[in-house]
Amino acid sequence: MKLIAAIIKPFKLDEVREALAEIGVSGLTVTEVKGFGRQKGHTELYRGAEYVVDFLPKIKLEVVLPSDRVDAAIEAIVKAAYTGKIGDGKIFVMGVEQAIRIRTGESGPDAL
């Protein structure tokens, strides 16, 4: 099993969720986060004063899948989140040793 963590632009959330649903992903976790990469933030003007916004709003998606479905999920996320502009995001893939469904006690791939 693998954990896919994707950092994307907030306005791309619905497109990515729909793309994952099309390939059969039935559950995911979404978190509003802030951060920066090569974008380095931007400058804003507020009441005549200029200030730097270092951390930009982003969305973090997390989904755990069987290893054989990871490539399809990555492809779906990349296609749906792509704008061609800086700040499109990143995808991280990590191994998951065990998953347990609390309600039923199922473990491993059955818990997904």
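This is a predicted model: local features need pLDDT of at least 70, side-chain atom pairs count only at pLDDT 80 or more; totals for chains, interfaces and linings use all residues.

Trainee: Where is K12 found, and which residues is K12 in contact with, leaving aside its neighbours within four places in sequence?

Mentor: K12 sits in the loop between β1 and α1, and, once those sequence neighbours are left aside, its contacts are A80, A81, Y82 and T83.

Trainee: Which residues are buried in helix α1?

Mentor: In α1, which spans residues 13–22, the buried residues are V16, A19 and L20. Because these residues cover an arc of only 95° around the axis, they lie on the same side of α1.

Trainee: What covers the buried residues of α1?

Mentor: The cover includes the strands β1 (2–8) and β5 (56–65), together with the helix α2 (70–81).

Trainee: How should I read R101, and where does R101 lie?

Mentor: R101 lies in the segment after β6 (89–95), and at 26% relative accessibility R101 counts as partly exposed, a class that runs between the 20% and 50% cut-offs. Not counting residues up to four places away in sequence, R101 touches E106, D110, A111 and L112. As for V70, which is 31 residues apart from R101 along the chain, the C-alpha atoms of the two are separated by 20 Å.

Terms used. Residues are numbered from 1 along each chain as its sequence is written. Side-chain values use heavy atoms; hydrogens and water are left out. Buried means under 20% relative accessible area, exposed over 50%, partly exposed in between (1.4 Å probe, protein chains only). Helices (H or I, at least four residues) and strands (E, at least two) are DSSP runs, numbered from the N terminus. The arc is that of the directions from the helix axis to the C-beta atoms. Contact means heavy atoms within 4.5 Å.
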